[in-house]
Amino acid sequence: MTSVVRKETQKQSRKRKSAKNHWFMLLSALAGSTILLLALGPVIIMVRLAFTPKINLREVPIDWIRPLDVSSFVDVIESEILRSILNSIFIAASTTVIVLLLSALAGHVLARYGGEKKDNFLMLVLGTRMGPAVIFAIPIYLIAVRAGLVDTPFSIIAIYVVYNLAFGIWLLHGFFLEVPKEIEEAALIDGLNEWQVLIRITIPSAIAGVIATAVLVFIMTWNEFFYAFVLTQRNMGTFPTRVPSFFGAFEVEWGLMFAANSLGMIVPVVFGILARKWLAKGFAGGLVD
Amino acid sequence: MKISRGYFLTGVIPVAIVFTTILIFPMVYVLYLMFRDDSLLDPNSSSFVGLTNFERALQDARFWEALLHSGIFSAVSLLVSIPLGILLAIYLSSQGLFPRIVRTLVIVPMVLAPLVVGSLFRFLLDSNSVIPWIGASLGIQLPPLLSTPGLALVTISIVDAWQWTPLVGIILYSGIQALNPSVYEAAKLDGATRFQEVIHIVLPQLRPLLVLVVLIRFMDSFREFDKVFIMSGGGPGTSSETLPVYLWRFSFQYLEVGYSAAVGFLMLILISVVSALIVKFFKGVRSTSE
């Protein structure tokens, strides 16, 4: 008798639980859609407007089913945006390669040598990565002017290397720490030198972290505006430095701006989604996991 | 692995050279310029003036206003992004397919260039544009947000929060994932509801991480230049001029090199204090998680 009753209540509770599950799913879907609408809505609007004829940009509500129109893209490509995107690719790639080369070695040393005090290295990470760029803008600009380095790749890449180097070292040091010391020691005993250990053992074992570091440095460099604005002009101007040029004194070229922004965001969005596991770490200066 | 002296030096020396030439040199240059009245507009003005630049900054009402604006900017950005980020983290750590999809796509705002975000929202906020239209269809008549003194600063700050709420969300989400699951199970046995579980068990354990996130967000919003530059340029008037924009104006528009160096130095001190706090709390987070 009691067992029958218990079975009944179990059945009921299971029923209630599954009803509760349906509600939970519905709520979860609703909340998720709201979040995505808020996070992606503005970006989707931007891309839609980039494909809209200029005279129709101001229409609200937005006509989502209007046929796509590429005239803004045609115009923006004529306005040298491709050159700035090529500049961005060149500058970001060079920075990434230099930072990786320097910080793989230094990160390895820090991982295997750094003692208790190495957390103080974080001050350098924070200072270079998260300090306001504008503080040193004047001296850096004056030095670049005197050395004739304004609007050359050297000055801007040098700044970006400094901007990312401490961060790169810190990140790689963390990834290298996860490589078991025993593997490295065994390789040393087998007769490899430390360089060979780094290249053949440590980096391949931490390859996901190395790629993540590269992607993060690339995104940061790609998106940087202030130093590019100060140190480059027409010749080496990166993608973000083109954006203010759409804001004329009397008229804003919204259509061109949306088209340019849509082209310029492809790289960071694709890289960002690929590296999503490490984004929190990357954007928090390597301070969180 | 025990490393040799040679390997240590090949690792450290290039990095040391890069930092000393490209970082220390400008730093020393700031220390030199900040005691001088150099101006690029006036080639004759190049003399040692002692602490005059600092006196001038501390007596300049516009400097204090810029500091206040920076404070308001950071405060609003944090007050919006931290609570919403906590809610986002709780959502991301719930079960099911939707949170997984959101986890992938919600990161899009934070990988966009701040300049792209700023220019996009400048359009969306423009009169007769999308956001005023949404307001009007909800029956709210929005004032011109970017051209009203006072409102411009707060509006840009909310846009900053829009970009960085996902960062708060995913940092705290990773923090929640790292918590020891046995704690929840004990709570569940005690009959705790999901809501009680979050309030009484998850959040208190995340507190050290939360402090760290607040400091990181503070530092990020404090240095924000791009959005203010492209959305209002510090205007109308100087009503949304934050400290970085103030410094940029004196550096690259008024070309007062000596004075700018002094203001930069003051900012550097402020940032160093915050950095030291961040490092302290970082150690705290690590020692509790181990």
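In this predicted model, N128(B) is exposed, with 10 other C-beta atoms within 10 Å. The count falls in the exposed class because that class covers residues with 12 or fewer such neighbours. N128(B) lies in the loop between helix 6 (114–125) and helix 7 (130–137) of chain B. Its phi is near 65°, a positive value in a residue other than glycine.

A positive phi is also found in chain A, at D151(A), where the angle is about 65° although the residue is not a glycine. D151(A) is placed in the loop between helix 5 (137–146) and helix 6 (153–177) of chain A. With 15 C-beta neighbours inside 10 Å, D151(A) counts as partly exposed. Most residues other than glycine have a negative phi, and most peptide bonds are trans.

P61(A) belongs to the loop between helix 1 and helix 2 (71–78) of chain A. In chain B, a cis peptide bond links G235(B) to P236(B), and omega is about 0°. P236(B) sits in the loop between helix 11 (226–231) and helix 12 (243–253) of chain B.

The contact between the chains takes 75 residues from chain A and 79 residues from chain B. On the side of chain A that touches chain B, the largest share, 13 residues, comes from helix 1 (residues 2–50) of chain A. By class, this side of chain A has 56 nonpolar, 10 polar and 9 charged residues.

Notes. Residues are numbered from 1 along each chain as its sequence is written. Chains are lettered from A and ligands numbered from 1 in the order in which they are written. This is a predicted model: local features need pLDDT of at least 70, side-chain atom pairs count only at pLDDT 80 or more; totals for chains, interfaces and linings use all residues. Two residues are in contact if their C-beta atoms, placed from the backbone, lie within 7 Å. Helices (H or I, at least four residues) and strands (E, at least two) are DSSP runs, numbered from the N terminus. Ala, Val, Leu, Ile, Met, Phe, Trp, Tyr, Cys and Pro count as nonpolar, Asp, Glu, Lys and Arg as charged, and the others, Gly among them, as polar. A residue is buried if 20 or more other C-beta atoms lie within 10 Å of its own, exposed if 12 or fewer, and partly exposed in between; C-beta atoms are placed from the backbone.
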